[in-house]
Every structure is written in C-alpha cells, then in structure tokens.
Amino acid sequence: MYLYLIRHGQSENNALDESLRVHDPGLTGIGSTQVEYLGNWFSVRPLDVLLTSPFRRALLTTVPIARATGLSPTVRTSLHEVGGCVSGYPAIGYQGEPGMSGNEIRDAFVGFEPEPDIDERGWWKSRPYESVEDRSLRVQQVAQQIIEEYGNTDCHVALVMHADFKHLLLQCLLPDLPLDAEHFGALRNAGVSTLTIQQGKAILENYNCIQHMPAAIVTPASHSETRV
C-alpha cells in the first residue's frame, strides 16, 4: 500500500483566536486555493481510495481531489480531529455538537458517501469532548483498519484529515521516529505525508510535502488546530 496523509487547507478557524472559533468551519480563500493545487497534484498520480474526515474543512479539501481522480470519497468518522465536534474553548468549557448528518453531507458534497454510523443525528451526535484515552484508542484502530484493508495490496490510499490527528497517526505507524512538531516541525495546511506499508511495516517516503503549492499561498505553520 502507498498511503497519503493529507492535512486540510487553511480553515477559517486557523487564523482566529480560540475564543472566536466555530465548531465546523469552512476554508478561507487561501485554503480554497491551496486545495485546488492538491487536486492538480493528484491529477497526475495514481489514487485508488479516497477517505475523508467528516469535518467541513476536510470535505472541502477532498472535493478537488475527487474531481481530479474521478473517485467517490468515503466519509469516515474516525478520521476526525482530536476532540470531536464541539463548541467552546478551555476557559468556558465545551459543548458537544451533532456534526453534519449523512443526508447533509450527501446534499452538500455530491458523490461523497458517508459510512453507516453517520446518520440523521450527525456524525458526532453531540458527545462530550474526546478524552485522551479515547483518542489514543481511536488512532490505534484507524492504523489497524487501514493496514487490514489495504496493507497487503498495491492500492494508493489517501486520507484527508487534521494536523493533531495526523501527528498521532504518524507516530502510531512509525513508533521509532519522533514525528512531532518539536522534532519535525508543524504540519502545514494542504501538506502531504507519504508512506509505503508492506507486511505491516511502514516506511516514511515524504513528510509534510508542500511543493505542490506556490510559496505565496503556503500558510504559516501552526502546531495545533485543536482547543486543548
């Protein structure tokens, strides 16, 4: 398997103080431009499977890739950012939000197919902020599922996700490397990390690639997009 881990384009929250952030932002104008370059990049690369987080910023990032490759994206709840879909911030606490429902996703993103757990109650279903224990278990489950589904194939698989969860997934897949912001730098908006996985062993081919974008639209690195 050849695996692409993609961070979404710049979101409307990335440039805001945490007290002004909303629970499911879209992309900024720069973010929308960034993801068009992602689409161009994938138009000349093989891609067999396209999976995306259900957050709006990830869905919007996936649109140009789907258009360029002709793939129908699968919307997978487990790829969401650390914390889940919540409003609020540490000083005032968090309130769980439903997230987009399956029908809302299908209506707004034609051709996208939410997995069965994304129903009329939304993908997050107004649960509380995700605990450290829950996110640790989730990242292990995502890594295991991807390897079980595609690890013994020649498929090229893309996952559209978020900075903090992408760091956790990289650390899970490559436990011998200190793949954190302190050692390797923050993950850029619309950046791509690539790995090959064979017989359960992952090899890092490229980390945080942004060469597909002109320098003028590369946004400053942020070490976290969550509100922890």
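## A look at Gly99 and its surroundings

Reply: Leaving aside its neighbours within four places in sequence, Gly99 touches Cys85, Glu104, Gly122 and Trp123, where contact means heavy atoms within 4.5 Å. This is a predicted model, in which local features need pLDDT of at least 70 and side-chain atom pairs count only at pLDDT 80 or more, while totals for chains, interfaces and linings use all residues. Residues are numbered from 1 along each chain as its sequence is written, and side-chain values use heavy atoms, with hydrogens and water left out.

Is Gly99 buried or exposed? Gly99 counts as buried because its relative accessibility is 17%; buried means under 20% relative accessible area, exposed over 50%, and partly exposed in between, with a 1.4 Å probe and protein chains only. The C-alpha atom of Gly99 is 8.6 Å from that of Val86, 13 residues away along the chain.

Strand β4 (residues 86-89) and strand β5 (residues 93-96) run antiparallel and are joined by four bridges; two strands pair if DSSP finds at least two bridges between them. A hairpin of three residues links β4 to β5. Within this pairing, Ser87 has Gln95 as its bridge partner in β5, and Gly88 stands opposite Tyr94.

Seven strands make an open sheet with mixed pairing, in the order β6-β3-β2-β7-β1-β8-β9. At its edges stand β6 (113-114) and β9 (201-209); each has a single partner strand, so one side of each has no neighbour in the sheet. Helix α2 (residues 56-69) packs on this sheet and touches β1 (2-7), β2, β3 (74-75) and β7. The direction of α2 makes about 165 degrees with that of β2; axes are lines fitted to C-alpha atoms, for helices over the stretch in contact, with angles from 0 to 180 degrees between N-to-C directions.

Strand β2 (residues 49-52) runs parallel to strand β7 (residues 156-161), with four bridges between them, and Leu51 stands opposite Leu159. On β1, the pairing with β7 is also parallel and has six bridges, with Arg7 opposite Met161. With strand β8 (residues 192-198), β1 pairs in the antiparallel sense over five bridges, and Tyr2 stands opposite Thr196. Five of the six residues of β1 are buried, so this strand is largely enclosed by the rest of the structure.

Rings of Phe, Tyr and Trp (its six-membered ring) pair if their centres lie within 6.5 Å; planes under 30 degrees apart count as stacked, over 60 as edge-to-face and the rest as tilted. That rule gives eight aromatic pairs. One of them is Trp41 with Phe42, which is edge-to-face at 5.0 Å centre to centre, with 90 degrees between the planes. Tyr2, Tyr4, Trp41 and Phe42 form one aromatic cluster. Trp41 counts as buried because its relative accessibility is 15%, and Phe42 is buried too, with a relative accessible area of 1%.

Charges meet rings as well: a charge sits over a ring if NZ of Lys or CZ of Arg is within 6 Å of the ring centre and within 35 degrees of the ring normal. The charged end of Arg57 sits over the ring of Phe55, 4.4 Å from its centre, and that of Arg127 sits over the ring of Trp124 at 4.0 Å from the centre.

Finally, what about helix α5 (residues 163-173)? Eight of its 11 residues are buried, so α5 is largely enclosed by the rest of the structure. Among these buried residues are Phe165, Lys166, His167 and Leu173.

Methods
Helix = DSSP H or I, 4+ residues; strand = E, 2+ residues; numbered from the N terminus.
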